[in-house]
Amino acid sequence: MDGKCAQLAALLPSAQEGALITSEHNRRYLTGFRSSAGAVLVTQAEAYFLTDFRYIEAAGQRVRGAQCLCYRRLTDTLAELVARHGLQCLHIEGEAVTLAEEAGLREALPSLSLAGNRLDGWLKELRLVKTAEELACIRQAQKLTDDAFTHILSFIRPGRTEREIALELEFHIRSHGAEGASFDFIAVSGPNSSLPHGEPGDRKVESGDFVTMDFGAVVDGWHSDMTRTVAVGAPNEEQRRVYDTVLQAHRACLAVLREGLSCREGDAAARRIIEEAGYGDCFGHATGHGVGVQIHEEPRLSPSAGEETLRAGTVVTVEPGIYLPGRFGVRIEDMAYITPGGCEDLTASLKELIVL
């Protein structure tokens, strides 16, 4: 046992306790292997990747840090391993395991106590700080995203639909080496750009529109996340004012990010700019979030972040926005790598307003 599984094993309080990981993103984080079925069992003595016939050969070639075992029925194999290691308590993912799944585990392993209040925290703590290898994957994912943005600028024109723009972005990212898209891309135009998470539809871009695109790539399981708003045709005075306000807020947040900074203060640095410009009610989401094996993870740059502070080695987004319902919206989003003395902006694309 080595790598991430060994790090998790070191967090187990005793040799009689184990950790069962069933969520796809955490299974991949621990072993480096993607599959639609399986589980990871970690004890202080050994780690196991458990899967079925469909994946066992590939798992044997690619799983890192754990023994690979093929099961016919997961709970039967779990029962054998629990007995082998003398486990009395099994920590499960409280945020991922359904009530039905938990009931099935209790029925199959009646002598074992299940704990669902600690494993999620251990995994989040491990995932928070990125290794050099993980950061390299995130950098590559963001490079593909920046390249896609450069490409899409020559594609957008009046008459293109939102759906066409979103599909072109995803095709470019996938065809240039990404494992996949980070999430369902957002490409919204004109009045639809006031929808922070609007879905691309059949609306055609018109001259005078803002077009907001939120998109990202996946490289070896690691995500990127980026948003840009561009103008098609000359923007009016209010559009420029709103864009400039969001850009100032974005830069103000990047300027203060560093190790030890309160996550609430990171959010406030951007939010103050927007509130002072009179648009406070038009910015209703957090300023940023962590990015890694999931597109949204810890930490959060949010007014509700509590006493949480930033740690060196984490990657967070910076994405303030202003949304005027039924009219238009603006969001600018980069990813920032937190360092002891500041942050490194991982996003290379131009931030200033682009007029197409």
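These notebook entries record what I looked up in the structure above.

**Entry 1: basis.** I worked with a predicted model, in which local features need pLDDT of at least 70 and side-chain atom pairs count only at pLDDT 80 or more, while totals for chains, interfaces and linings use all residues. Residues are numbered from 1 along each chain as its sequence is written, and side-chain values use heavy atoms, with hydrogens and water left out.

Entry 2: I took helices (H or I, at least four residues) and strands (E, at least two) as DSSP runs, numbered from the N terminus. I counted two strands as paired if DSSP finds at least two bridges between them. In what order do the strands of the open sheet of 6 lie? I read the order as 4-3-2-1-5-6, with mixed pairing. Strand 4 (67-70) and strand 6 (113-115) each have a single partner strand, so one side of each is left without a neighbour in the sheet. Neighbouring strands here are turned by 25 degrees against each other on average, direction ignored. For angles, axes are lines fitted to C-alpha atoms (for helices over the stretch in contact), and values run from 0 to 180 degrees between N-to-C directions.

I then examined strand 5 (residues 89-92), which runs parallel to strand 6 and is joined to it by 3 bridges. C89 is placed opposite S113 of strand 6. Helix 3 (residues 53-62) lies across strand 3 and strand 4, at about 160 degrees to strand 4.

Entry 3: Strand 8 pairs with strand 9 (residues 209-215) over 4 bridges, and I186 stands opposite D214 in strand 9.

**Entry 4: T229.** I located T229 in strand 12 (residues 226-232). Is T229 buried or exposed? T229 is buried, at a relative accessible area of 1%; buried means under 20%, exposed over 50%, and partly exposed in between (1.4 Å probe, protein chains only). The T229 side chain makes a polar contact with the side chain of T212 at 2.9 Å, and also reaches the backbone oxygen of R331 at 3.1 Å. A polar contact is a pair of N or O atoms within 3.5 Å; within protein, one must be able to donate a hydrogen and the other to accept it, and residues adjacent in sequence count only if both atoms are side-chain atoms.

Conventions: Contact means heavy atoms within 4.5 Å.
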